[in-house]
Amino acid sequence: MTTLSPENSLSARWSASFILGLHPFVRTEAWKFLTGYYSWQSSQDERLTVDSARRKNYEALCEMYEKIQPLLENLHRNFMETRNNIAYDIQKLHDKDHLGNVLIDKKRLEKILLLSYVCNTQAEYQQGFHEMVMLFQLMVEHDHETFWLFQFFLQKTEHSCVINIGVGKNLDMLNNLIDFLDPVFAEHLRGKGAGTVQSLFPWFCFCFQRAFKSFEDVWRLWEVLLTGKPCRNFQVLVAYSMLQMVREQVLQESMTRDDIILACNNLIDLDADVLISAACLIYAELIQRGLLPPQGDCTARGHGPRPWFPVSLPVDQAQD
């Protein structure tokens with residue numbers, strides 16, 4: 001990582017994080033590049049300077065929060081409610097491994113979540129953020145790294161896990177995708193399974209982390225989402241692939257909404273590489289069936305009506 005020349009850094013990003021995945025020994029540093037915490041073109045000295053600046057900015061935010069906390073407690077009912085929700089969610093977290101070793105510091109985690117809520121007005125606290133930030137805390141050593149990695153992750157993934165920003169769009173795209181690729185299943189979901197897709201919002205809110213068998217699998221998928229490969233909104237293809245896992249059972253048993261949701265909730269201990277591969281096959285099918293434009297970003301303005309599924313082709317194709 002530290003010896004890559006700028007001209008080779010882009011190809012390294014794709015090969016390391018998308019094709020092969022990241023080795024655990026380099027994950028902590030590599031994530032700082034993937035999220036934008038560091039520039040791919042930065043030198044070692046520049047990265048030290050950036051990290052120092054991010055630490056100071058975090059400390060300044062903490063000092064600001066300490067000063068305004070009494071005001072928030074007295075004048076903002078939402079703050080007290082959110083603080084109670086954060087405390088309740090953290091209380092339920094398992095903070096020890098199977099050997100009894102403490103994995104996370106709940107007090108530090110609560111502080112980071114509260115600071116994020118106060119400072120990031122785009123992404124108000126929601127259930128699921130506590131588990132996401134926990135995974136960042138497990139990855140890095142310092143609180144300022146945890147805080148900024150979470151903020152950059154939200155930005156880089158276009159807030160796709162945030163209820164009032166991206167989750168609704170994801171569900172709409174998932175509905176459209178089912179309509180185009182699997183009309184039979186779509187018809188069942190509109191009939192006996194009415195409301196099923198909208199009830200799958202936890203997949204996106206938790207960024208699929210409850211579907212996997214290990215933290216390594218969660219990080220593996222998130223790394224793919226950070227690269228933007230093979231397309232934007234790849235999380236929708238992931239959700240579609242998961243639905244396909246229960247499709248046959250749903251149709252054979254003519255399941256209703258509640259039974260379908262139960263079957264979807266039972267999709268646990270999945271292998272990230274298997275799921276990513278399945279989603280990539282769906283992407284290839286979209287290209288093959290001409291449901292994506294031949295080149296460029298189909299979300300760009302001024303190119304006809306809004307597409308049914310806004311994705312972008314891989315960077316190398318778009319540049320060509």
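Let's start at Asn233, which is buried, with a relative accessible area of 12% (buried means under 20%, using a 1.4 Å probe and protein chains only). This is a predicted model, where local features need pLDDT of at least 70 and side-chain atom pairs count only at pLDDT 80 or more, while totals for chains, interfaces and linings use all residues. Residues are numbered from 1 along each chain as its sequence is written, and side-chain values use heavy atoms, with hydrogens and water left out.

Asn233 sits in the loop between helix 11 and helix 12; helices here are DSSP runs of H or I with at least four residues, numbered from the N terminus. Its backbone is worth a look: Asn233 has a positive phi of about 60° although it is not a glycine. Most residues other than glycine have a negative phi, and most peptide bonds are trans. Pro230 belongs to the loop between helix 11 (215–227) and helix 12 (234–252), and a cis peptide bond with omega about -5° joins Lys229 to Pro230.

Now hop to Phe208, in the loop between helix 10 (201–205) and helix 11. Phe208 has a positive phi too, near 70°, and it counts as buried at 3% relative accessibility.

How do helix 3 and helix 7 pack, and at what angle? Helix 3 (residues 44–75) and helix 7 (residues 143–156) have axes 9 Å apart, at an angle of about 95°. Axes are lines fitted to C-alpha atoms over the stretch in contact, and angles run from 0 to 180 degrees between N-to-C directions. That makes helix 3 and helix 7 roughly perpendicular (65 to 115 degrees).

Terms used: Helix = DSSP H or I, 4+ residues; strand = E, 2+ residues; numbered from the N terminus. Buried < 20%, exposed > 50% of the residue type's maximum accessible area, 1.4 Å probe, protein only. Parallel < 35°, antiparallel > 145°, perpendicular 65-115°, else oblique.
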